[in-house]
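User: I have not looked at this one before. Can you walk me through it?
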Amino acid sequence: MPVWICATCANQYPEAPSPPGICVICADERQWVPASGQRWTTAEELAAAGHRGDVREVEPGLLGIGVDPPVAIGQRALLVRTDEGNLLWDPPGYLDEVAVAAVRDAGGLRAVAASHPHFYGTIADWSEAFDAEVLVCAPDLGWLTRPPRRPPVTWSGSRAVLPGVTLVQCGGHFAGSAVVHWAGGAGGAGALLSGDTIFVTPGEDRVTFVRSAPNRLPLPERAVRGVVEAVRPYAFDRVYGGWWQPVLRRDAKAVVERSAERYIQWLRGEVPEDR
Ligand SMILES: [Zn+2]
Ligand SMILES: [Zn+2]
């Protein structure tokens, strides 16, 4: 019996003779179901279609693991490497021997986590491949559609995972939306790995905050302020989003604050130059 994979979001559902009727994650207002109807796939079908692990060094100490061609939402994972083990963040929707070998060569895996349920994807596969701990932000546990064999560990607020590597709950997009603060990132200035908790925009010079990206839904002011306040205590100069690009490469702390203030001006309709 196959593990069923939603073709639109790449989240997995337990082994069964036939797939579930709907993907609960895509049926939610933050995602979408194709107009032609729910579609399912399997890891075997993705392999046969030619998807392969795509591994690149992003910066020293940070390995990117994506899929070529991309699967579903197309996120690439980030492997944060430390002397005491590694954290895999935002696993993509397909895992193969190329990706597993790259992580093994990089020292294996202590823990795997995701910024939010859209990117849970292969989290159970990764946990089982390395007997890694799965960390799930408590309010989102119900969205873990295929729990790993090793029971997930829930956390909230913040949680130190490895030296200099901290999960920070921000809320907003999902109640449990989170970022990784990596103190050693950006040459020691600090980096956030944000998925779409803090959404980097195409010009790499601002960020935004969304209830739903595909459905163009904004967040209320209190949620935007909640995200900014959650990351304010941390030093960071760079923000990596959920994909290879865009990346907010420098001056990120000021850009996040400035972007949030502008967003809130628009929410309130307080933009003097509005034409
Ligand atoms: Zn789905
Ligand atoms: Zn999302």
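Analyst: One place to start is Asp-90, which sits in the loop between strand 7 (85-89) and helix 3 (97-105). Bear in mind that this is a predicted model.

User: What is the phi of Asp-90?
Analyst: The phi of Asp-90 is near 60°, a positive value in a residue other than glycine.

User: And is Asp-90 buried or exposed?
Analyst: Asp-90 counts as buried, because it has 29 C-beta neighbours inside 10 Å and the cut-off for buried is 20 or more.

User: Which other residue has a positive phi although it is not a glycine?
Analyst: Glu-204 is one, with a phi of about 55°. Glu-204 is in the loop between strand 15 (199-200) and strand 16. With 16 C-beta neighbours inside 10 Å, Glu-204 counts as partly exposed.

User: How many of the residues of strand 9 are buried?
Analyst: Four of the five residues of strand 9 (residues 133-137) are buried, so the strand is largely enclosed by the rest of the structure.

User: In what sense does strand 9 pair with strand 8?
Analyst: Strand 8 (residues 111-113) and strand 9 pair in the parallel sense, over three bridges. The chain gets from strand 8 to strand 9 through helix 4 (residues 123-130), and this β-α-β crossover is right-handed. Across that pair, Ala-113 stands opposite Leu-135 in strand 9.

User: And how many bridges are there between strand 9 and strand 10?
Analyst: Three bridges, again in the parallel sense, link strand 9 with strand 10 (residues 153-155). Cys-137 stands opposite Trp-155 there, and the bridge partner of Val-136 in strand 10 is Thr-154.

User: What about the sheet of six strands, what is its order?
Analyst: That open sheet runs 11-12-13-14-17-18, with mixed pairing. Its edge strands are strand 11 (158-162) and strand 18, each of which pairs on one side only. Inside this sheet, strand 12 (residues 165-169) and strand 13 (residues 178-182) run antiparallel and are joined by five bridges. Leu-167 stands opposite Val-180 in strand 13.

User: Changing topic: which residues of helix 6 are buried?
Analyst: They are Ala-252, Val-255, Val-256, Ser-259 and Ala-260. These residues cover an arc of only 130° around the axis, so they are on the same side of helix 6. Ala-254, Glu-261 and Arg-268, on the other side of helix 6, are exposed.

User: What covers the buried residues of helix 6?
Analyst: The cover includes strand 16 (207-208), helix 5 (221-231), strand 17 (238-241) and strand 18 (247-248).

User: What should the 17 residues of helix 6 span?
Analyst: At 1.5 Å a residue, helix 6 (residues 252-268) should span 24 Å, and its end C-alpha atoms are 24 Å apart, which agrees. Just after helix 6, Gly-269 takes a positive phi of about 70°.

User: Where are the cis peptide bonds?
Analyst: One runs from Asp-68 to Pro-69, with omega near -10°, and Pro-69 lies in the loop between strand 5 (62-68) and strand 6 (77-82). Another runs from Gln-245 to Pro-246, with omega near -5°. Pro-246 is in the loop between strand 17 and strand 18.

User: Last one: what does Trp-4 touch?
Analyst: Leaving out residues up to four places away in sequence, Trp-4 touches Gln-12, Tyr-13, Ala-16, Pro-19, Pro-20, Trp-40 and Thr-42. Trp-4 and Thr-42 are 38 residues apart in sequence, but 5.6 Å apart in space, C-alpha to C-alpha. Trp-4 lies in strand 1 (residues 4-6) and is buried, with 21 other C-beta atoms within 10 Å.

Conventions
Residues numbered from 1 in each chain as written. Chains lettered and ligands numbered in written order. Predicted model: local features only at pLDDT ≥ 70, side-chain atom pairs only at ≥ 80, totals over all residues. Buried ≥ 20, exposed ≤ 12 C-beta atoms within 10 Å, placed from the backbone. Helix = DSSP H or I, 4+ residues; strand = E, 2+ residues; numbered from the N terminus. Pairing = 2+ DSSP bridges. Right-handed = clockwise from strand over helix to strand, strands pointing away. Contact = placed C-beta atoms within 7 Å. Expected span 1.5 Å × (residues − 1). Arc of directions from axis to C-beta.
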